[in-house]
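Biologist: Can you walk me through this one? I'm new to it.

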Amino acid sequence: MPWQWPFKRHDRALWQVGDLPVASTYAAVPVNPSTAMQHSAVWACVNLIAGSISTLPLAAYRRGDRDPLPDLPPILRAPAAGWSLPDFLYAALQRLLRGNTYGLIVDRAGAGLLPAQVELLAPERVGVTVPNGAVVWRVDGQEVDPASIWHVRGFAAPGQIVGLSPIQHARQAIGLGLGAEKYAARFFGDSAIPSGVISTDQRISAEDANIIKERWEVVHGGGRRDIAVFGNAAKFQPITIPPEEAQFLETTRANVATIARYFGVQPELIGGESGGSLTYANVEQRALDFLTFGLRPWLVRLEVALSALLASKTDVKFNAAALVRTDLLTRYQAHESAIRAGWKLRSEVRDLEDLPPIPGIDDQEGPAVA
């Protein structure tokens with residue numbers, strides 16, 4: 001008996017094996033990375049994560065040094081033609097949140113021929129196979145040197161070259177949300193008029209039927225639905241579910257929470273409901289939770305991938321502390337405590353607060369000031 005792939009077609013798509021079309025969902029809405037971004041919750045999660053990380057301060061360090069390099073390496077200042085670093089990082093993360101980010105190293109410079117420019121690639125342009133145990137990369141069907149491919153995996157799996165796609169795994173939930181939004185849009189686009197028929201057991205002329213149609217359109221603002229009229233002494237009988245049974249709001253709220261879980265985002269950060277109260281006292285803790293559980297895995301993946309473009313003893317690191325800001329009084333009290341304890345200098349505090357340097361401030365005595 002010939003060997004067969006042990007998974008069904010839609011399960012194979014989860015692993016992105018071969019060029020398989022995306023299966024439809026139980027909601028009868030096809031889901032792929034492009035259509036998924038039409039879901040407001042998916043868009044919000046991707047935009048939140050990519051936007052938060054791409055705007056963080058980034059520094060390069062020589063391995064073993066505590067102080068960052070005075071300037072970023074050239075590839076991080078202009079990673080691609082016409083792209084700033086924040087735009088490049090945002091686009092890379094947007095692709096990464098779909099499972100994989102691919103880039104083609106198109107220029108090298110310096111004695112070590114280090115990458116000088118990386119052009120991001122649309123995933124559909126990239127193919128990878130392992131015919132004889134060696135990885136073969138193709139771009140637009142043409143084989144390229146593996147050393148010229150910059151590849152970042154979102155969710156690694158044993159034995160897999162490419163990363164798993166959260167959008168593929170969440171396709172049923174995304175399909176449900178898209179289906180609910182589509183149904184609701186059509187419902188309200190028809191002035192919230194359910195389908196139905198106007199009928200009677202008496203004879204009615206064509207002229208009378210046209211008059212009823214005209215009056216219906218006048219009352220209901222024109223509408224996009226034509227009506228069928230049978231008989232006289234007309235009555236309207238709906239032939240669809242009542243609006244109260246559609247549960248648009250309940251379905252949408254539950255769906256937003258489901259999508260947020262796939263991306264590791266608290267629902268309230270994308271306009272959903274968490275089921276608990278969000279008070280001023282726990283806003284900072286929520287921000288810290290988002291940084292720790294929602295952003296840190298992506299930060300580490302991206303730091304490793306960017307460091308691979310630099311010299312062997314150079315690493316990059318995001319300043320994630322910029323995401324967690326306390327209120328003014330608490331922050332100043334923390335600065336004062338750190339200066340008095342001796343593990344932070346006044347000049348360092350001024351730098352953290354984006355204040356201009358003051359010569360000799362670290363030699364001053366007396367109360368700590370920021």
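Biologist: What span should the 12 residues of α5 have at 1.5 Å a residue?
Modeller: They should span 16 Å, and the end C-alpha atoms of α5 are 16 Å apart, which agrees. The expected span is 1.5 Å times one less than the number of residues. Helices here are DSSP runs (H or I, at least four residues), numbered from the N terminus.

Biologist: What kind of model is this?
Modeller: It is a predicted model: local features need pLDDT of at least 70, side-chain atom pairs count only at pLDDT 80 or more, and totals for chains, interfaces and linings use all residues. Residues are numbered from 1 along each chain as its sequence is written, and side-chain values use heavy atoms, leaving out hydrogens and water.

Biologist: Which residues of α5 are buried?
Modeller: Leu85, Phe88, Leu89, Ala91, Ala92, Leu93, Gln94 and Leu96. Buried means under 20% relative accessible area, with a 1.4 Å probe and protein chains only.

Biologist: At what angle do α3 and α5 pack?
Modeller: About 145°, with axes 8 Å apart; α3 is residues 40–54 and α5 is residues 85–96. Axes are lines fitted to C-alpha atoms over the stretch in contact, and angles run from 0 to 180 degrees between N-to-C directions.

Biologist: Which residues of α3 and α5 make the contact?
Modeller: Among them are Val46, Ala50 and Ile53 of α3, and Leu89, Tyr90 and Leu93 of α5. Contact means heavy atoms within 4.5 Å.

Biologist: New topic. What does Phe318 touch?
Modeller: Its partners include Ile53, Leu89, Leu299 and Leu306, not counting residues up to four places away in sequence.

Conventions:
Helices (H or I, at least four residues) and strands (E, at least two) are DSSP runs, numbered from the N terminus. Buried means under 20% relative accessible area, exposed over 50%, partly exposed in between (1.4 Å probe, protein chains only).
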